[in-house]
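This report covers selected features of a protein model. The sequence and structure are shown first.

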Amino acid sequence: MTVVHRVLPPQPVGSFEDHVDRGGGKGFQASRLAEPEALIAELETSGLRGRGGAGFPTGTKWRTVAEHRSAELPATVVVNAAEGEPGTFKDRTILATDPYSVIEGALIAARAVGADNIVVALKKSFADVVVRVRSAVTEMEAAGWAEGVSISVFEGPGEYLYGEETALLETIAGRYPFPRIAPPFRRGAEDVVTTADDAGSDSGLAAHVEMAGEGDSVAPPTLVDNVETLANVPRIIARGAAWFRTEGTEKSPGTIVCTVTGMVRRHGVGEVMMGTPLREVIEEIGGGPLPGRRVKAVMSGVATGLITADLLDTPLSYEAMAEAGSGLGSAGFLVYDDTADMTAVAAGASRFLAIESCGQCTPCKQDGLVLADLWAKLCTKEATQADLDTIVKRAATVGDGARCYLATQHQVLATSVLERFGDDIAAHVAGTATVVDPALVAELVDITDDKATFDERHLHKQPDWTFDDTYSGQSPADRFAEHRDHESSLEE
């Protein structure tokens, strides 16, 4: 296997002029001469799937937004760069290396769905990347590429749910990063009918936003696409769907940018063809397991089931990873070797999800906190069979009535560890396992000199999203209902 360079160039693109010299702009120019329907059809034919995690067909998403256009207001395109999945660093790497292709893809998308506004949504903590993107936007505007389209860079909070597309739109609209029921094609970034200050909402939702009803709406839709997804668009439009399909698989064409961290020789980001076996990705990007060790498990973020050693030859495609009982997610692979206690991994991942739950859905927050506490208890020699039985029970109910995928992630994670690493768990219940601390499972801060840095601040984050010494007992949804000042209430 060799690393490829469709989306992630081997050398950074230094300027807009450099971007054009390398062939950039051909997709943008082609889009100016094409009808919106033709652009959408080309994306559909290409088979490009969203690289943010779910793998939803990009052309289908574009068409849905186009079909829900408002008769009164233009649509908005949002670039989801709020990367926060544990083990993932590919979007920041793409933006730091070549922000021009991403913005070019967003401009093509705006043409396709009838948008006059593009928002690049990052986290404020991504300071260097924010500067890089702002500079690229300025250059492209100066070159006349953004004529008729406003491009802005939004700096959001550090919360994990900020990356969930409806929570992202809530935050852009001046509210809190709480997922909502109405999808972006029904209520977009410009929906400010009910604001965080409008306590008159009768929706009953902590987000204080009215949900979309049936029938026509004057609210314009929003297209939300991931950084990597949009980085693929210019070349598809310039070279055609058939070219895009020359790499990858039938159902998962193209390439994918992977992050490999954990118990490997080196940490890094690299682009490979879809269909490449996971084992080869770990070897090529991560250098393989540490000397004398073997891979025990791989976690693809906290949204999918764990991959066991016998499944390492699974090809990286949406269909193959699903068949293996896992998922491709955002291709951020946390590798654990045979020294790892998967009970500790489960405890760390469970804590991350419980802390980052917003609390709008009671089972997600409350069952999640119980699961996190019990997994942590299992890491000691104090847990009993009754505690394990409770984990099994709460894993089945944590997702009840959930409006976003976080609770399901918790359910999938817990079930996966229970089913695939029962020996590790049984040893703790029996009191024969060594006491371990829950593993740190958190957002990646950086990768420098082949070494990843994870956000250790998360170890001190409370379930109410504060970093106070003691937990208030409130969920974020309850706490923010009492504090309307977004800037002073959210940790960034």
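Predicted model: local features only at pLDDT ≥ 70, side-chain atom pairs only at ≥ 80, totals over all residues.

## The four-stranded sheet

Four strands form an open sheet in the order S3-S2-S1-S4, and their pairing is parallel. Strand S3, residues 150-156, and strand S4, residues 222-226, are the edge strands, each pairing on one side only. From one strand to the next, the twist averages 20°.

Strand S1 spans residues 75-80 and strand S2 spans residues 115-123; the two run parallel and are joined by six bridges. Within this pair, Ala75 stands opposite Ala115 of S2.

## Helix H8

Helix H8 takes in residues 165-172 and is mostly covered, with seven of its eight residues buried. The buried residues are Thr166, Ala167, Leu168, Leu169, Glu170, Thr171 and Ile172. The list thus includes the charged residue Glu170, along with Thr166 and Thr171, which count as polar. Buried here stands for a relative accessible area under 20%.

Just after H8 comes Gly174, which has a positive phi of about 95°.

## The largest cavity

How many cavities of 30 Å³ or more does a search of the whole structure find? The search gives two. The largest holds about 90 Å³ of space.

Its lining is made up of 13 residues. Those nearest the centre of the largest cavity are Ser357, Cys358, Cys361, Cys364 and Cys404. Sorted by class, the lining of this cavity has nine nonpolar, three polar and one charged residues. Cysteine counts as nonpolar in this sorting, so Cys358, Cys361, Cys364 and Cys404 fall in the nonpolar class.

## The second largest cavity

The second largest cavity has a volume of about 40 Å³. Which residues line the second largest cavity? They are Arg6, Val7, Ala231, Asn232, Arg235, Ile236, Trp243 and Phe244.

Two helices, H9 (227-239) and H10 (241-244), each supply at least two residues of this lining. The largest share comes from H9, with four residues. By class, the lining of the second largest cavity has five nonpolar, one polar and two charged residues.

Key
Residues numbered from 1 in each chain as written. Heavy atoms only, no water. Pairing = 2+ DSSP bridges. Axes fitted to C-alpha atoms, helices over the stretch in contact; angles between N-to-C directions. 1 Å grid on protein atoms, 1.4 Å probe; cavity = no way out; pocket = protein on both sides within 12 Å on 5 of 7 lines; lining within 4 Å. Points joined across faces, edges and corners; volume = space filled by probe spheres on them. Buried < 20%, exposed > 50% of the residue type's maximum accessible area, 1.4 Å probe, protein only.
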